[in-house]
Amino acid sequence: MKKGGILNRHLAAAVAELGHGDGVLVCDAGMPIPAGPRVVDLAFRAGIPSFEDVLAGLLDELVIEAATAAQEVRAANPAADGLLNGSFPELAYVPHASLKELSAGARLVVRTGEARPYANVLLRCGVFF
């Protein structure tokens, strides 16, 4: 049994399969999930697990070279915007409709139980060397 890191076997396996350039959408419970990407749905109840907790766990395990969020998060969810800005120095913003379109190209979607609007980010995996 693992003693740390991501314990959910489905998410741990999906993370292990990611490579340089792969997209990972970490999203709230309301984000439409496109057909195509592998989905690990962690949502249990409204707010559980939180976007912040899931994102922190993924950032402990992944090298990220780029991140994109919906520009609407700035006004609608300042807490999530602050979290994203604190985690990604070069965060790109696009309209929410564009983020939904971009998410179709993700390799993995991780759905959280987050119940605050626009708590979504599309990550692009980097390489550790």
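**Close-up views of a predicted model**

**View 1. Lining of the largest pocket.** The lining of the largest pocket is made up of nine nonpolar, three polar and one charged residue (nonpolar: Ala, Val, Leu, Ile, Met, Phe, Trp, Tyr, Cys and Pro; charged: Asp, Glu, Lys and Arg; polar: the others, Gly among them). The model is predicted: local features need pLDDT of at least 70 and side-chain atom pairs pLDDT 80 or more, whereas totals for chains, interfaces and linings use all residues. Residues are numbered from 1 along each chain as its sequence is written, and side-chain values use heavy atoms, with hydrogens and water left out. Of the 13 lining residues, Leu18, Glu61, Leu62, Val63 and Gly126 lie nearest the pocket centre. Helix 1 (residues 9-16) gives the most to this lining, with three residues. The space in the pocket is about 220 Å³. A pocket is an open set of points on a 1 Å grid over the protein atoms alone, where a 1.4 Å probe fits, with protein on both sides within 12 Å along at least five of seven lines; lining residues have an atom within 4 Å of a point. The volume is the space filled by probe spheres set on the points, which are joined across faces, edges and corners.

**View 2. Buried face of helix 4.** Ala80, Asp81 and Leu84 are buried in helix 4 (residues 78-87). Seen down the helix axis, the buried residues of helix 4 fall within an arc of 100°, so they line one face; the arc is taken from the directions from the axis to the C-beta atoms. Pro78 and Gly86 are exposed on the other side of helix 4. Buried means under 20% relative accessible area, exposed over 50%, and partly exposed in between (1.4 Å probe, protein chains only). The cover over the buried residues includes helix 2 (51-61), strand 3 (64-70), helix 3 (73-76), strand 4 (91-94) and strand 6 (121-125), with contact meaning heavy atoms within 4.5 Å. Helices (H or I, at least four residues) and strands (E, at least two) are DSSP runs, numbered from the N terminus.

**View 3. Salt bridge between Glu17 and Arg38.** The closest N and O atoms of Glu17 and Arg38 are 2.7 Å apart. Glu17 lies in the loop between helix 1 and strand 1 (23-27) and Arg38 in strand 2 (residues 38-41), so the pair ties together parts 21 residues apart in sequence. A salt bridge is a side-chain nitrogen of Lys or Arg within 4 Å of a carboxyl oxygen of Asp or Glu.

**View 4. Salt bridge between Glu114 and Arg116.** The N to O distance in this pair is 2.7 Å. Glu114 is buried at 6% relative accessibility, and Arg116 is partly exposed at 32%.
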